[in-house]
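Welcome! Please take a look at the structure shown here, and then let us walk through some of its parts together.

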Amino acid sequence: MIQNFLEGEYRYIELIHVRMNFSHELDSAGKFRFAKLIELVRVIVNIYRCKFIYRPDVFYYPPSGPRFFPVIRDMVILGLTRWLFRTVVFHFHASGLSEYFQNINPLSRTILRQAFVHPDMAIHISNNAPRGGLSLGCKY
């Protein structure tokens, strides 16, 4: 989906893509690997680099599904970068994040919600998918 979005033709916007390449094989998705820590630093540095070179206003981010390590990864990335942008858009490709937050202890929920709370806009891939953006206090 992101590839289709990037390949689209747009009249009034320019897209700047920071690739997040955390899982090289399908079986490593959602699992911890040391190489993913290096990729995490690379992604964060590249977001800062792109922000200061190109000065984008909008941060488009696809939050992970409801698995521990990907949620923690998203929390770190969002906690360190989303404040740089005037507008934050979440594009939910996987559902279950709001349910995940409901099923963790209150302290963890509070910490995680700080990174995810109040995006300016949420995109859901289906009308039948849970509305993760609403549970996070999305404005639109």
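What follows is a short tour of strands, helices and side-chain pairs. Keep in mind that this is a predicted model.

Let us begin with strand β1, residues 58-61. In a regular strand the side chains alternate between the two faces of the sheet.

Strand β1 has a partner, strand β2 (residues 87-92), and the two pair in the parallel sense over four bridges. Within β2, Val 89 is the bridge partner of Tyr 60. Together with helix α3 (residues 68-81), the two strands make a right-handed β-α-β unit.

His 91 sits in strand β2. Is His 91 buried or exposed? Its relative accessible area is 10%, and because buried means under 20%, His 91 counts as buried. The side chain of His 91 makes a polar contact of 2.5 Å with the side chain of Tyr 60. Not counting residues up to four places away in sequence, His 91 touches Tyr 60, Tyr 61, Pro 62, Pro 63, Ile 123 and Ile 125.

Now move to Thr 81, which lies in helix α3. With a relative accessible area of 0%, Thr 81 is buried. Its side chain reaches the backbone oxygen of Ile 77 at 2.6 Å. Leaving aside neighbours within four places in sequence, Thr 81 is in contact with Ile 44, Ile 47, Tyr 48 and Phe 59.

**Salt bridges**

| Residue with N | Residue with O | Distance |
|---|---|---|
| Arg 42 | Glu 39 | 2.6 Å |
| Arg 86 | Asp 57 | 3.3 Å |
| Arg 73 | Asp 74 | 3.2 Å |

Arg 42 and Glu 39 both belong to helix α2 (residues 34-54), where they are three residues apart, about one turn of the helix. Arg 42 is partly exposed at 32% relative accessible area, whereas Glu 39 counts as buried at 12%.

The side chains of Arg 86 and Asp 57 also meet in a salt bridge. Arg 86 lies in the loop between α3 and β2 and Asp 57 in the loop between α2 and β1, so this pair ties together parts that are 29 residues apart in sequence. Arg 86 is exposed, at 63% relative accessible area, and Asp 57 is partly exposed, at 37%. As for Arg 73 and Asp 74, both are buried.

**Aromatic rings**

A search of the whole structure finds eleven aromatic pairs. In one of them, Phe 59 and Phe 85 are stacked, with 4.7 Å from centre to centre and 10 degrees between the planes. This pair links distant parts of the chain, 26 residues apart: Phe 59 is in strand β1 and Phe 85 is in the loop between α3 and β2. Phe 59 is buried at 8% relative accessible area, and Phe 85 is buried at 10%.

Another pair, Phe 68 and Phe 69, is edge-to-face, with 5.2 Å from centre to centre and 70 degrees between the planes. Phe 68 is partly exposed at 49%, and Phe 69 is partly exposed at 39%.

Finally, ring pairs link Phe 59, Tyr 61, Phe 85, Phe 90, Phe 92, Tyr 100, Phe 101 and Phe 116 into a cluster.

Definitions and conventions
Residues are numbered from 1 along each chain as its sequence is written. This is a predicted model: local features need pLDDT of at least 70, side-chain atom pairs count only at pLDDT 80 or more; totals for chains, interfaces and linings use all residues. Side-chain values use heavy atoms; hydrogens and water are left out. Buried means under 20% relative accessible area, exposed over 50%, partly exposed in between (1.4 Å probe, protein chains only). Two strands pair if DSSP finds at least two bridges between them. A crossover is right-handed if, with the strands pointing away from the viewer, the path from the first strand over the helix to the second runs clockwise. A polar contact is a pair of N or O atoms within 3.5 Å; within protein, one must be able to donate a hydrogen and the other to accept it, and residues adjacent in sequence count only if both atoms are side-chain atoms. Contact means heavy atoms within 4.5 Å. A salt bridge is a side-chain nitrogen of Lys or Arg within 4 Å of a carboxyl oxygen of Asp or Glu. Rings of Phe, Tyr and Trp (its six-membered ring) pair if their centres lie within 6.5 Å; planes under 30 degrees apart count as stacked, over 60 as edge-to-face and the rest as tilted.
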